[in-house]
Amino acid sequence: MSTEANQPDDGTAKLANAIEGLVSKHGSEIGAIQTLLDENLKYRDKLRDLKRDLEAAKAGAVPDGAVVLSGDDLKAYEALKALGDAKSIGEAIEAGKAAQTELGAYRRADKRAKAARVAKANPDILATLDRDGIEYDVEGDGDDAKAIIVTKDGETDVRTPFWEFVGATWPALRTALAQDGTPAAPAPRFPAQPVLSPRTPAGPASVVDIIKRKRQKGEGISL
């Protein structure tokens with residue numbers, strides 16, 4: 001009497017059917033076994049190839065944190081690498097920043113001095129009042145030139161005539177700024193004059209003096 005435990009499971013039944021099919025196809029059990037061995041060898045070769053491909057892929061994989069560059073990015077990296085090591089490049093960048101800052105300060109000072117010259121303002125006092133948020137400009141040329149103070153209203157440039165800006169921003173310093181710093185011409189110097197002795201005006205001649213003069217001249221004296 002058969003029980004459920006003696007019944008083959010579905011997988012076993014399929015395997016048995018497959019073996020019977022191979023035996024029937026090849027005419028004997030030996031032919032069926034040979035076919036199975038050949039297929040097994042093919043699968044083993046395929047598995048070995050897959051394993052080799054996997055190892056090669058692992059060897060060529062990008063490590064964690066690494067970046068693969070190609071195309072224009074690779075060209076840019078090669079050009080940067082030609083400039084030197086990271087330290088040299090960093091020092092060059094810092095030197096460039098310092099030079100750019102110095103050039104910007106020089107240009108600002110030059111524009112401020114030019115605006116002061118056109119406005120006939122004292123450049124030294126204007127330099128002490130200089131601050132961020134103020135730029136200087138000159139409109140026109142020659143006698144028509146006008147000094148302009150440029151400020152910002154959000155993203156918009158506000159251009160105000162120099163003295164109008166001074167009156168609104170630094171009213172107490174307008175007089176000082178108006179002194180353009182040109183030294184006054186020295187007063188003319190004359191050569192020192194010798195001190196003259198005071199002259200005493202001559203008074204009327206006395207009687208004694210008259211007599212003396214007459215005697216010197218041999219004239220007679222009449223009383």
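## Close-up views of a predicted model

**View 1. Helix H3 and the glycine that follows.** Just after H3, Gly 84 takes a positive phi of about 135°. The model shown here and in the other views is predicted. H3 covers residues 71-82, twelve in number. From its first C-alpha to its last, H3 reaches 17 Å. That is close to the 16 Å expected at 1.5 Å a residue.

**View 2. The open sheet of three strands.** The strand order is S1-S2-S3, and the pairing is antiparallel. S1 (135-139) and S3 stand at the edges. Each has a single partner strand, so one side of each is left without a neighbour in the sheet. Neighbouring strands are turned by 35° against each other on average, direction ignored.

View 3. Six bridges join S2 and S3 in the antiparallel sense. Ile 149 has Thr 160, in S3, as its bridge partner. Asp 153 stands opposite Thr 156 of S3. Two residues lie between the strands of this hairpin. Gly 154 takes a positive phi here, near 70°.

View 4. Strands S1 and S3 are at its edges. H4 packs on the sheet and touches S1 and S2. The direction of H4 makes about 50° with that of S1. H6 also packs on the sheet, where it touches S2 and S3. The direction of H6 makes about 95° with that of S3.

View 5. H6 spans residues 162-169, and its buried residues are Phe 162, Phe 165 and Val 166. Seen down the axis of H6, these residues fall within an arc of 100°, so they line one face of the helix. An α-helix has 3.6 residues a turn, so residues three or four places apart point the same way. On the other side of H6, Glu 164 and Ala 168 are exposed.

**View 6. What covers the buried residues of H6.** The cover includes both helices and strands. Among the helices are H4 (86-119), H5 (123-129) and H7 (174-178). The strands include S2 (146-153) and S3 (156-161). S2 and S3 are also the strands that H6 touches as it packs on the sheet.

How values were computed
Residues are numbered from 1 along each chain as its sequence is written. This is a predicted model: local features need pLDDT of at least 70, side-chain atom pairs count only at pLDDT 80 or more; totals for chains, interfaces and linings use all residues. Side-chain values use heavy atoms; hydrogens and water are left out. Buried means under 20% relative accessible area, exposed over 50%, partly exposed in between (1.4 Å probe, protein chains only). Helices (H or I, at least four residues) and strands (E, at least two) are DSSP runs, numbered from the N terminus. The arc is that of the directions from the helix axis to the C-beta atoms. Contact means heavy atoms within 4.5 Å. Two strands pair if DSSP finds at least two bridges between them. The expected span of a helix is 1.5 Å times one less than its number of residues. Axes are lines fitted to C-alpha atoms, for helices over the stretch in contact, and angles run from 0 to 180 degrees between N-to-C directions.
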